[in-house]
Amino acid sequence: MAALEPQTEQVQQSGRAARIAKWLIPVIVSAGAFTLLLGRIDFGEVLRHVDGRVGAVMIPAVLLYGGVSLWIEAQTLNLLAAPSSSSLDKWTCAKIKAASYPLGLLNYALGAGGLTYLLRRRGNLGVSNAAGIVILIALFDLGFLLLLSAFGAVLLSTETIAVQASAIVGAVVAILIGFALLRADFSLGPLDRLRNLEIFRAARETEIRRLAMLAVLRLGFVISFIMLCGTALMVFGVRVPLGDLVVGVAAVSLVASLPIAIAGLGTGQVAFVFMFRHWGTPEILLASNLALTAGLIVMRASVGLLFAGEFTREALAAARETKS
């Protein structure tokens, strides 16, 4: 037994080191990305582009987007959870999503974990069923981002972009095939055990009518965010063609959602400046993105604080479970 104690202590230390690394790596990545940007961009010039006119347009735009997006989120959660839970009405779903915002600001995966936990607690759902709902929503968002990227790439009508569009369409088709196999009424042999997992229940059993409504809601969600980004660019005098705007926003969203930086800070700004470099100076593009990012962070943090009681406490508990 004594020989096992050093090994147990070593395992515990390794676990602590892994948890510390999970928190430190996003901080380091965000700091490194901003250092890269500020090493090439005059930050004083960035600040000079931010004035009262920007706030006069961006604040109402962000507030409008916040209201529309939260309404869509509430409708979505209620749509998918209603068959399994009568306690998750639309207002409760809105509060649950709002409570997960603070965690989502830190890390997309934390936000998803918090939302899963809250769905389970408030709706008395199984943890796998709740996670399946969150995953299904994320897959629809990813699919529409890719699909709109392909549409935007076609509008650009260049050979290189056409090849990229084909690859994007291929990814969308792969998602659709996987989805169809989950719902197929024939045996998949050894894969049946995987298909029958509770985590795929939402994708496997949700009615076609509800899936169609889900598609409309999530398409509206993605389009509303693209419109907000386009507004942020126009406020700073940057005019981006529709195809390039769609492709650029989709790419930036995918990069920012990667769980390698704090709320996509740093990585999102680098991607934004790179994707729209042909239509504005780096200083103007960075000013536009920082104004947009700051507005979204303040809006979501404020909405989250409105429900900082039991909802946020449960979301924080979910974060601890996710990290443990």
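Gly-248 is buried, with a relative accessible area of 0%; buried means under 20% relative accessible area, exposed over 50%, and partly exposed in between (1.4 Å probe, protein chains only). The structure is a predicted model, in which local features need pLDDT of at least 70 and side-chain atom pairs count only at pLDDT 80 or more, while totals for chains, interfaces and linings use all residues. Residues are numbered from 1 along each chain as its sequence is written, and side-chain values use heavy atoms, with hydrogens and water left out.

**Overall architecture**

- The secondary structure of the protein chain comprises 14 helices and 0 strands; helices (H or I, at least four residues) and strands (E, at least two) are DSSP runs, numbered from the N terminus.
- Of the 324 residues in the protein chain, 44% count as buried.
- Among contacts (heavy atoms within 4.5 Å) with a separation of 6 or more in the protein chain, 73% come from residues 24 or more positions apart.
- The protein chain exposes about 16700 Å², of which carbon and sulfur atoms supply 68%; accessible areas come from the Shrake-Rupley method with a 1.4 Å probe, and for residues only the protein chains shown count as cover.

**The largest nonpolar core**

- The largest nonpolar core has 71 residues, and Leu-119, Ile-133, Leu-136, Leu-233 and Phe-276 touch the most other members.
- Helix 3 (residues 52-81) gives the most to this core, with 12 residues.
- Such a core is a set of buried Ala, Val, Leu, Ile, Met, Phe, Trp, Tyr and Cys residues joined through side-chain atoms within 4.5 Å.
- Leaving aside neighbours within four places in sequence, Phe-276 is in contact with Leu-233, Val-240, Asp-244, Leu-245, Gly-248, Val-249 and Leu-285.

**Surroundings of Gly-248**

- Gly-248 is found in helix 11 (residues 242-256).
- Not counting residues up to four places away in sequence, Gly-248 touches Met-275 and Phe-276.
- Gly-248 and Phe-272 are 24 residues apart along the chain, and their C-alpha atoms are separated by 7.4 Å.

**Surroundings of Asn-289**

- Asn-289 lies in helix 13 (residues 282-306) and is buried, with a relative accessible area of 4%.
- Apart from residues up to four places away in sequence, Asn-289 touches Gly-268, Gln-269 and Phe-272.
- Asn-289 and Phe-236 are 53 residues apart in sequence, and 9.9 Å separates them in space, C-alpha to C-alpha.

**Helix 10 and backbone angles**

- Helix 10 (residues 208-235) has 28 residues and reaches 41 Å from its first C-alpha to its last, close to the 40 Å expected at 1.5 Å a residue; the expected span is 1.5 Å times one less than the number of residues.
- Just after helix 10, Gly-237 takes a positive phi of about 80°.
- Asn-124 has a positive phi of about 55° although it is not a glycine.
- Asn-124 lies in the loop between helix 5 (108-123) and helix 6 (127-156), and Asn-124 is exposed, with a relative accessible area of 65%.

**A nonpolar surface patch**

- Leu-38, Phe-43 and Leu-47 make a nonpolar surface patch of about 270 Å², and Leu-47 lies in helix 2 (residues 43-48).
- Patches are made of residues with over 30% relative accessible area and no salt bridge, with like charges joined within 9 Å and nonpolar side chains (Val, Leu, Ile, Met, Phe, Trp, Tyr) within 5 Å.
- A salt bridge is a side-chain nitrogen of Lys or Arg within 4 Å of a carboxyl oxygen of Asp or Glu.
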